[in-house]
Amino acid sequence: MGLGSFLAAAPEAARAAPWICFDIHADYVETARNAAKLAGINGAQIEQKDAFTLSPADLTHLNPAAPVLAIGNPPWVTSAAQAHAGRANLPVKSNGDFALRGLDALTGQANFDIAEAILLRIIAALDGFADWRLAFLVKRSVAMKLARRLLGRAEVLSFSSIDAFQHFGASVDAGLFYARVSTSAAPAIDIAIADELGGPIVRRAGLRDTRFVEDLDAYSRVAALEAARLVAWRQGIKHDLAKVLELRAEGDGWKNGFGEMVDVEEDALAPLYKSSDLAHGRPSGRMLPLYQTDLTGPVPDLDDRWPRLAAYLRAHEAAFASRRSRIYCGKHPFMLFGVGPYVLAPWKVAVSGLYKTPAFRVLGPDDLGRPALVDDTCYLLPFDTEYAAKTVADHLNGESAQQFIASIADGSAKRPFTKAVLSRVAVPCPPLETAPGQLVLVT
């Protein structure tokens, strides 16, 4: 509800309708009540309420046969940003709501937009009404997630972009998400997208053979690249401790993020590529101690094999213990994630998930035979030969594959290219699959 802007702007025909308004901030509630009086909206129900507690019981006094319009401009922040700011009004995470399983529910993928969580609450509360509509200002990524949920139910689904920086000072792709659900009408089969409010439809998104497509027209020209079987892309190494684990060359040694000179065994290190390295074609500028070969934890002979590295890790045990992600709870103190047989493959095709255009890069072992690593903002396919890796990278950097990826990826998302997107692109050479029992460290 905010400061009552929607109340103040209500057209004459809407002012006599029943209004239910809520906001978590008490001062906003009082301001909105004054806005309602000035707009001539009498009897509006304006309350201080946490949106995450909204339920169908709050709407039982409304006529379920009459149309309902829900409007608003919820916060354009993620749950991680909300928690970082010390704000307690977060919903209880549910794997059912956000369709996350296993490690995905504990890692960065569990980060979600507050607006999405609020709108899911509103949709659940309106579910018993015969005719209801949503009109919300949200980020485009949120709109598309909600539209996907409502495909097959909603009569109308649309998104119209706005100049978020001009109106709200926010450098984000946002706009008006509109949905109408009616029990008496056939559901829409796609989502209409416009570049401006009131503007023409420039493209449509929707499902094709149960898979979601961001641009149906563009997809139709390159649909043959849809993989019949999902390709097993892997996410890079997650450690959440760059100052300890990411080392840079300094003279004849290594320096960590605290500015300390580090004395560890040379053969325990491997070159680490970050998103910016992959996107800009740069060499690796960091080394990472690779003391783990699977998700059971560090190698059991760590003290015997790399005693100086073991001492270094123990010296920073407090920093490891301060890692905030739930993924580390109950695990070995020095645990890394995103580590498996694929990490040790000699050749890889890697890509950043963060940049707007995917640049696929071939990574091979360094001069000492150590495998190239990528961090958890990147994805990789492992190969046992340089030829296979180059063949796949050339294919993925080609015009047709780039068009296919653009047609299925949400270019407005913070991470446009995820495993879910990349796995749909057919590749000419299958990636390497190595059984854990065959795993060896390359030294």
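Predicted model: local features only at pLDDT ≥ 70, side-chain atom pairs only at ≥ 80, totals over all residues.
How many of the 13 residues of α5 are buried? Eleven of them are, so this helix is largely enclosed by the rest of the structure. The buried set is made up of Ile114, Ala115, Glu116, Ala117, Ile118, Leu119, Leu120, Ile122, Ile123, Ala125 and Leu126.

The mean pLDDT of the protein is 88, with 89% of its residues at 70 or more. Two stretches deserve a separate mention. Residues 81–86 stay under 50 in pLDDT, and the model gives them seven contacts beyond four places in sequence. Residues 435–443 are also below 50, and that stretch has 19 contacts beyond near neighbours in sequence.

Now follow the chain into a run of hairpins. Strand β7 (residues 190–194) pairs with β8 (residues 201–208) in the antiparallel sense, over five bridges. Alanine 194 stands opposite isoleucine 201 of β8. Six residues lie between these two strands, and in this hairpin glycine 198 takes a positive phi near 80°. Then β8 goes on to pair with β9 (residues 211–213), antiparallel again, through three bridges. Here glycine 206 has valine 213 in β9 as its bridge partner. The hairpin of β8 and β9 has two residues between its strands, and aspartate 209 in the turn has a positive phi of about 55°.

Next comes an open sheet. Four strands build it in the order β10-β19-β16-β17, with antiparallel pairing. The edges are β10 (234–235) and β17 (361–363), each pairing on one side only. Strand β16 (residues 347–352) is joined to β17 by three bridges, and lysine 348 stands opposite leucine 363 in β17. Helix α14 (residues 386–397) packs on this sheet and touches β16, β17 and β19 (378–383). The direction of α14 makes about 25° with that of β16.

Finally, look at glutamine 402, which belongs to helix α15 (residues 399–408). Is its side of the story buried or exposed? Glutamine 402 has a relative accessible area of 18%, and buried means under 20%, so it counts as buried. Leaving out residues up to four places away in sequence, glutamine 402 touches Thr357, Pro358, Phe360, Leu396 and Asn397. With proline 358 there is a polar pairing as well: the backbone oxygen of proline 358 lies 3.1 Å from a polar atom of the glutamine 402 side chain.

Technical notes. Residues numbered from 1 in each chain as written. Heavy atoms only, no water. Pairing = 2+ DSSP bridges. Contact = heavy atoms within 4.5 Å. Axes fitted to C-alpha atoms, helices over the stretch in contact; angles between N-to-C directions. Buried < 20%, exposed > 50% of the residue type's maximum accessible area, 1.4 Å probe, protein only. pLDDT = per-residue confidence, 0-100. Polar contact = N/O pair within 3.5 Å; in protein donor to acceptor, adjacent residues only side chain to side chain.
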